[in-house]
Amino acid sequence: GSGLGLSIVENLLELMNSKVYLESVLGQGSKFWFDISFNISEEAFGDTGLSNKVYNIDYKSLENVSILVVDDNKINQMITKKILEKHKLVCKVVANGLDAIKMIHKNDFKLVLMDLHMPEISGIETTQRIREFDKQLPIIALTAVTIDEDLDEFYKAGFTEIIPKPFKPEDFFEKISNSLKASNPTIS
């Protein structure tokens with residue numbers, strides 16, 4: 001609110017051999033933009049160049065699959081639900097582990113996406129409680145943990161897979177698809 005933002009941006013762009021451009025129409029608003037060119041280091045990618053990972057996802061097989069999203073953050077709930085529904089998965093959302101356990105008892109979910117850090121009981125404890133009555137249901141930790149953390153702890157707790165946030169949609173759907181295939185070989 002002090003008016004320094006544009007000045008700081010201008011200085012940063014100048015350091016990167018660029019400048020900020022402006023278009024403004026009175027009563028309609030302003031548009032700011034810039035162009036920056038970067039060189040990509042070949043050392044960072046070795047001899048193979050940019051990653052060309054091929055994702056093997058059959059989105060058609062995911063249609064109408066019932067998924068439970070367990071996350072206490074409303075924004076994460078909304079984003080995850082929109083991403084899933086875009087590919088025609090059926091999605092229910094709960095905000096805590098206790099509600100998740102109740103929903104799993106009452107519904108036939110094919111997969112659960114579980115946040116780790118929630119009020120009342122954590123995603124780890126929720127998963128451990130679910131494993132007491134359902135050993136087969138795929139449960140994926142959808143969390144902002146770093147890869148450096150001990151991932152064995154999550155698998156020991158009963159998680160099928162871990163998807164770190166932020167995630168690439170292709171990685172997200174590939175792990176969901178693979179978890180569903182592993183739990184039900186009839187899914188192609």
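I take buried to mean under 20% relative accessible area, exposed over 50% and partly exposed in between, with a 1.4 Å probe and protein chains only. Helices (H or I, at least four residues) and strands (E, at least two) are DSSP runs, numbered from the N terminus.

**Entry 1. Ground rules**

The model is predicted, and local features need pLDDT of at least 70, side-chain atom pairs count only at pLDDT 80 or more, while totals for chains, interfaces and linings use all residues. Residues are numbered from 1 along each chain as its sequence is written, and side-chain values use heavy atoms, with hydrogens and water left out.

**Entry 2. Whole chain**

I counted 8 helices and 7 strands in the protein chain. Of its 188 residues, 31% count as buried. I then looked at contacts, meaning heavy atoms within 4.5 Å. Among contacts between residues at least 6 apart in sequence, 58% join residues at least 24 apart.

**Entry 3. Helix H5**

Which residues of H5 are buried? In this helix, residues 97-106, I found Gly97, Ala100, Ile101 and Ile104 buried. Seen down the helix axis, these buried residues fall within an arc of 100°, so they line one face of H5. The arc is that of the directions from the helix axis to the C-beta atoms. The face turned away from the buried side carries the exposed residues His105 and Lys106.

I checked what the buried residues of H5 pack against: strand S3 (66-70), strand S4 (90-94), strand S5 (111-114) and H6.

Asparagine 96 caps the N-terminal end of H5, with a side-chain oxygen 3.1 Å from the backbone nitrogen of leucine 98.

Leucine 98 itself lies in H5 and is partly exposed, at a relative accessible area of 30%. Leaving aside neighbours within four places in sequence, I list Glu120, Ile121 and Arg129 as contacts of leucine 98. Leucine 98 and arginine 129 are 31 residues apart in sequence and 9.6 Å apart in space, C-alpha to C-alpha.

**Entry 4. Threonine 126**

Is threonine 126 buried or exposed? Threonine 126 counts as buried because its relative accessibility is 0%. I place this residue in helix H6, residues 123-133. Its side chain reaches the backbone oxygen of serine 122 at 2.8 Å. Not counting residues up to four places away in sequence, threonine 126 touches Gly97, Ala100, Ile101, Met114, Met118 and Ile121. Gly97, Ala100 and Ile101 are also among the buried residues of H5.

**Entry 5. Largest pocket**

I used a 1 Å grid over the protein atoms alone, on which a pocket is an open set of points where a 1.4 Å probe fits, with protein on both sides within 12 Å along at least five of seven lines; lining residues have an atom within 4 Å of a point. Grid points are joined across faces, edges and corners, and a volume is the space filled by probe spheres set on the points.

The largest pocket has a volume of about 240 Å³. It is lined by 14 residues, of which Asp108, Phe109, Lys110, Leu137 and Pro138 lie nearest its centre. I sorted the lining into 7 nonpolar, 4 polar and 3 charged residues. Here Ala, Val, Leu, Ile, Met, Phe, Trp, Tyr, Cys and Pro count as nonpolar, Asp, Glu, Lys and Arg as charged, and the others, Gly among them, as polar.

**Entry 6. Serine 179**

I found serine 179 in helix H8, residues 169-183. At 5% relative accessibility, this serine counts as buried. Neighbours within four places in sequence aside, serine 179 is in contact with Leu111, Pro138, Ile140, Thr160 and Glu161.

**Entry 7. Backbone checks**

A cis peptide bond joins lysine 165 and proline 166, with omega about -5°. Proline 166 lies in the loop between strand S7 (161-164) and H8.

Asparagine 17 is not a glycine, yet I read a positive phi of about 60°. This residue lies in the loop between helix H1 (5-15) and strand S1 (21-25), and counts as exposed at 76% relative accessibility.

Lysine 88, also not a glycine, has a positive phi of about 65°. I place lysine 88 in the loop between H4 and S4, exposed with a relative accessible area of 51%.

Notes: A polar contact is a pair of N or O atoms within 3.5 Å; within protein, one must be able to donate a hydrogen and the other to accept it, and residues adjacent in sequence count only if both atoms are side-chain atoms.
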